[in-house]
Amino acid sequence: MPELDAIPQNTSPDPVAVESAEIVVALPTHNNEGTITEVAQTVEAGLTKYFSSRKYALIHCDGGSQDKTSQCVREAVRDRSYLLQIKYSPPQIPPTAHGLPGQGSAFRCIFQQAQKLGAKVCLVVDSDTASVRPEWIDLFVRPVLEKDLDFVTSYYDRHKYEATLTKGIVYPLVRALYGKRIIQPIGGDFAFSQRSMDHYLKQDVGNCELADPHADLWITIQALCNNLRIGQAFVGPKLRNPKEPSGDISGLLAAVLGALFLQVEKTAGVWQKVRGSEVVPLFGSREHPNAEPVTVNVKRMMDAYRLGYQTLQEIWGLVLPPATLLDLKKLASRPEEQLRFADEAWARVIYDFAQGYRLRIIGRDHLLRALTPLYLGWCASFILELENADPQEVEARLEKLCLAYEAQKPYFISRWRWPDRFNP
Amino acid sequence: MWKQAGEILDQSVARVVLGIANFLPALLVFILILLLAALLAWVLSALLRHALSKLDFDQWLVRWSLSEPAEWSPSRSPTLLVARLAYWAVIFSGLLIGLSALNTPFASQFTMGLLAILYRLLISLFILAVGVVIARFLARGVLITAVNMQLQTARLLSLGVKWLVIVFVGAMALQHLGIGGGIVPLAFGILFGGIVLALALAVGLGSKDLVSRSWERQQARKSEDQTEEQLHHL
C-alpha cells in the first residue's frame with residue numbers, strides 16, 4: 001500500500017453531530033473559493049428537497065487550499081450538524097497538471113469517511129462546476145439507492161464542438177476496449193455504492209493513480225474491469241470555470257492520454273476478451289437546450305496539423321505504419337473544405353500511439369505531445385463536418401466513429417500480441 | 001693468444017645463445033597467446049553473431065531510432081559490427097598480453113602506455129555517447145514543443161540545440177583525451193561566445209525592427225486566439 005496522509009483529519013470548528021448517514025455527498029476542493037459557495041448551497045438544497053426523510057452528511061474534503069475555501073463552505077451551509085470537514089494531502093504534482101491535484105487521494109479519504117458513517121451511497125461533486133443543480137443529487141443518488149447500481153457517472157450536455165478529446169478519443173476507445181458505452185468516462189461527478197467503495201479501498205494502487213489529477217479515469221476503468229453495475233446520469237449542460245486553462249492542448253493530451261494508455265496497458269488481460277459494446281442505462285430526461293455558441297479557429301488547427309506533418313513525420317513514422325502516413329500526407333494536401341479524417345484511419349492512429357506508448361518507442365511524454373498536431377487535424381475535420389448538424393446528426397456521427405473504433409479493435413489486438421510483426 | 005681469442009669467442013657465443021635461449025620461451029609464449037587469442041576471438045565473434053541474430057538486435061536498434069549504426073556497419077548489419085569489434089578487441093588484448101610476456105623494457109613501456117591511452121579513449125567515447133543521446137533527446141523535445149507552439153522555425157531550433165550539445169560534448173571528450181591542450185576549450189568558448197554575441201547584436205541592432213514586428217504579430221495572434229477560440233477539449 002502506498003504511503004498516504006490518508007487518515008482524514010477533522011477540521012470542523014463546530015462539534016460534529018453526524019455519526020452515521022445513509023447518503024453522503026462529498027465536495028473535494030483545492031482553492032475553489034470562487035465556486036464552492038454556490039456548489040455547497042445547491043447540494044444542501046438538493047439534499048433537503050429530495051432526501052429530507054433520510055439521514056445524510058456533507059463531507060468537505062480539502063487538499064490544503066491556500067484561499068478561503070473551507071470558510072466559504074462553513075458559511076454556505078445553513079445546517080452544520082451534518083457537515084464534516086476533513087483534509088487530505090495531495091502529492092506533489094507538476095505545475096502544468098489539470099484538474100484536482102491528488103484526486104485519487106481525495107477519493108480515498110472520502111470513501112474511508114463514508115465507510116465510517118456506514119453510507120449506502122456516496123456522491124462526489126466536482127467543486128469546480130458552476131452548473132450544479134439540486135436535481136443532480138436526485139439523478140445520481142436514486143439509481144444507487146433504488147436500482148441497486150454500484151457506480152453512476154455523469155453525462156453532460158455539451159456543445160457539439162466541445163469535449164472533442166472525450167468524443168474523439170476517450171469515449172470511443174473506452175467503449176471499444178471495455179464494451180460499455182459510457183459517454184463521458186472523465187466526468188468529475190460520480191456516485192458510488194457501498195460495494196464499489198469497498199472495492200476501491202481494497203485496491204493496491206500506486207502513487208501515480210493517487211497523484212494523477214485524472215484519477216477519475218482510473219475509477220471508471222476499474223468499474224468497467226470489475227463488473228460493477230454502472231449507470232449514467234444526464235445532468236444537463238456543464239459550465240466550465242472561466243479560470244480553467246484551455247491553451248495548453250499538448251499538456252492536456254499528455255496528461256489525459258497518459259492516464260488512459262497506462263490503464264489500457266495494465267488491464268490488457270481484460271479488454272482483449274471483450275467483443276462489441278453494451279448500452280449503459282441513462283437516468284434523467286435528455287433535452288437539448290440551446291447551448292451557448294462556441295467560436296473555433298479551424299484554420300489554426302489545420303495550420304498546426306500541416307506544420308506537424310512537415311516537421312514530425314520522422315517521429316510519427318516510428319509509431320505509424322506507412323499506409324497511415326500516406327493517408328496523413330493526402331490529408332495535409334487537401335484544402336479546408338475537403339478535409340475529412342476517415343474514422344478508420346483515426347482509430348488506427350490512436351491504437352498505434354497506444355501501442356507506441358506501451359513499447360516506449362520514444363519518451364512517453366514526447367510521444368503523446370507529438371500526437372497534438374494529429375489531434376488538431378482530426379478536430380478541424382470533425383468540426384467542419386458538424387458545422388450544420390443538429391443534435392441527432394451529431395450523435396449519429398459520434399456513433400459512426402465509435403463503430404469504427406470497435407471495427408479496428410482486432411487490428412489493435414494483433415499489434416498488441418505480436419508487436420514485431422507490425423514494426424513500421 | 002689464440003687460446004684467449006677462442007675463450008672470448010666461446011663466451012660471446014654462449015652469451016648470445018643464452019640470450020636466445022632465454023628469449024625463446026617468451027617468444028613461444030607470445031605466439032601461443034596470439035594463437036589462443038585468435039581462437040577465442042573467433043569463438044566469441046561467432047557466439048555474439050548467433051546470440052544477437054536470435055535477439056533481433058538490428059531490429060531493436062531501428063525500433064529505438066538508432067539507425068545510424070546500421071548505415072556505417074559492414075553489410076548494414078550492426079550485429080556484424082559488434083561481432084567484428086569483439087573479435088578485434090580480443091586479438092588486441094591478446095597482443096598486449098603477449099607483448100608483456102616478452103618481458104622486455106620496450107614491450108612493457110609500450111603496453112602500459114597503450115593501456116593508459118585506451119582508458120582515456122574509452123572514457124571519452126562514453127562521454128561522447130552519452131552526449132549524443134542527450135542531444136537527440138533534447139532536440140526531439142525542442143522540435144515537438146516548437147511545433148506545438150506553431151513556430152515555423154521548429155526544425156532549425158531543434159537542429160541548433162542538437163549540434164550545440166554535440167559540439168559541447170565533443171569539446172569535453174577531446175579535452176579529456178588531452179588532444180589540443182588548451183586550444184579546444186578556447187575554440188569552443190570563442191565559438192559559443194561568438195554565437196551568443198552575434199545573436200545579441202542581431203536582435204539588439206540589426207533586426208530590432210523585425211523582432212519588434214514579429215513580437216507585435218505574436219501578441220496580436222495570441223489575443224486573437226484567446227478571443228476567437230473558447231473551445232474546451234475535455
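This is a predicted model: local features need pLDDT of at least 70, side-chain atom pairs count only at pLDDT 80 or more; totals for chains, interfaces and linings use all residues.
**View 1. A:Asn227, in the loop between helix 8 and strand 9 of chain A.** With 9 C-beta neighbours inside 10 Å, A:Asn227 falls within the cut-off and therefore counts as exposed. The loop that holds A:Asn227 runs between helix 8 (215–225) and strand 9 (230–237) of chain A. Although A:Asn227 is not a glycine, its phi is positive, at about 55°. For comparison, most residues other than glycine have a negative phi.

**View 2. A:Asp148, in the loop between helix 4 and strand 6 of chain A.** A:Asp148 is not a glycine, yet it has a positive phi of about 60°. Because A:Asp148 has 10 C-beta neighbours inside 10 Å, it counts as exposed.

**View 3. A:Thr129, in the loop between strand 5 and helix 4 of chain A.** Strand 5 covers residues 121–124 and helix 4 covers residues 135–146 of chain A, and A:Thr129 is found in the loop between these two elements. Is A:Thr129 buried or exposed, given its C-beta neighbours inside 10 Å? There are 23 such neighbours, so A:Thr129 counts as buried, the threshold for burial being 20 or more. When its neighbours within four places in sequence are left aside, A:Thr129 is in contact with A:Val39, A:Gly188 and A:Lys238. The C-alpha atom of A:Thr129 is also separated by 7.2 Å from that of A:Thr35, a residue 94 places away along the chain.

**View 4. Packing of helix 5 against helix 16 in chain A.** The axes of helix 5 and helix 16 (residues 391–407) of chain A are 9 Å apart, and the two helices pack at an angle of about 50°. Helix 5 and helix 16 of chain A are therefore oblique to each other, and helix 5 passes helix 16 in a right-handed crossing. On the helix 5 side, the contact is made by A:Lys167, A:Pro172, A:Leu173, A:Arg175 and A:Ala176, while helix 16 contributes A:Leu398, A:Leu401, A:Cys402, A:Tyr405 and A:Glu406. Sorted by class, the residues of this contact comprise seven nonpolar and three charged, with no polar residues.

**View 5. Packing of helix 13 against helix 16 in chain A.** Helix 13 (residues 343–359) of chain A crosses helix 16 of chain A at roughly 55°, and the axes of the two come within 8 Å. This angle makes helix 13 of chain A oblique to helix 16 of chain A, and their crossing is right-handed. A:Asp343, A:Glu344 and A:Ala347 in helix 13 meet A:Lys400, A:Leu401, A:Ala404 and A:Tyr405 in helix 16. The residues of this contact divide into four nonpolar and three charged, and none of them is polar. A:Leu401 and A:Tyr405 of helix 16 take part here and also belong to the contact with helix 5.

**View 6. The contact between domain 1 and domain 2 of chain A.** The domain assignment of chain A places residues 9–283 in domain 1 and residues 298–422 in domain 2. Domain 1 gives 23 residues to the contact, and domain 2 gives 26. On the domain 1 side, helix 5 and helix 9 of chain A each supply at least two residues, and helix 9 gives the most, with nine residues. By class, the domain 1 side has twelve nonpolar, seven polar and four charged residues.

**View 7. The contact between chain A and chain B.** The contact takes 36 residues from chain A and 21 residues from chain B. The elements of chain A that give two or more residues to the side touching chain B are helix 5 (164–178), helix 9 (249–266), helix 11 (298–319), helix 14 (364–370) and helix 15 (372–385). Helix 11 of chain A gives the most to this side, with nine residues. The residues on the chain A side divide into 18 nonpolar, twelve polar and six charged. As for the chains themselves, chain A has 17 helices and eleven strands, whereas the secondary structure of chain B comes to eight helices and zero strands. Of the 424 residues of chain A, 50% count as buried; of the 234 residues of chain B, 13% do.

Notes
Residues are numbered from 1 along each chain as its sequence is written. Chains are lettered from A and ligands numbered from 1 in the order in which they are written. Two residues are in contact if their C-beta atoms, placed from the backbone, lie within 7 Å. Helices (H or I, at least four residues) and strands (E, at least two) are DSSP runs, numbered from the N terminus. Ala, Val, Leu, Ile, Met, Phe, Trp, Tyr, Cys and Pro count as nonpolar, Asp, Glu, Lys and Arg as charged, and the others, Gly among them, as polar. Domain bounds come from an automatic or database domain assignment. A residue is buried if 20 or more other C-beta atoms lie within 10 Å of its own, exposed if 12 or fewer, and partly exposed in between; C-beta atoms are placed from the backbone. Axes are lines fitted to C-alpha atoms, for helices over the stretch in contact, and angles run from 0 to 180 degrees between N-to-C directions. Angles under 35 degrees count as roughly parallel, over 145 as roughly antiparallel, 65 to 115 as roughly perpendicular and the rest as oblique. A crossing is left-handed if the near helix is turned anticlockwise from the far one by less than a right angle, and right-handed if clockwise.
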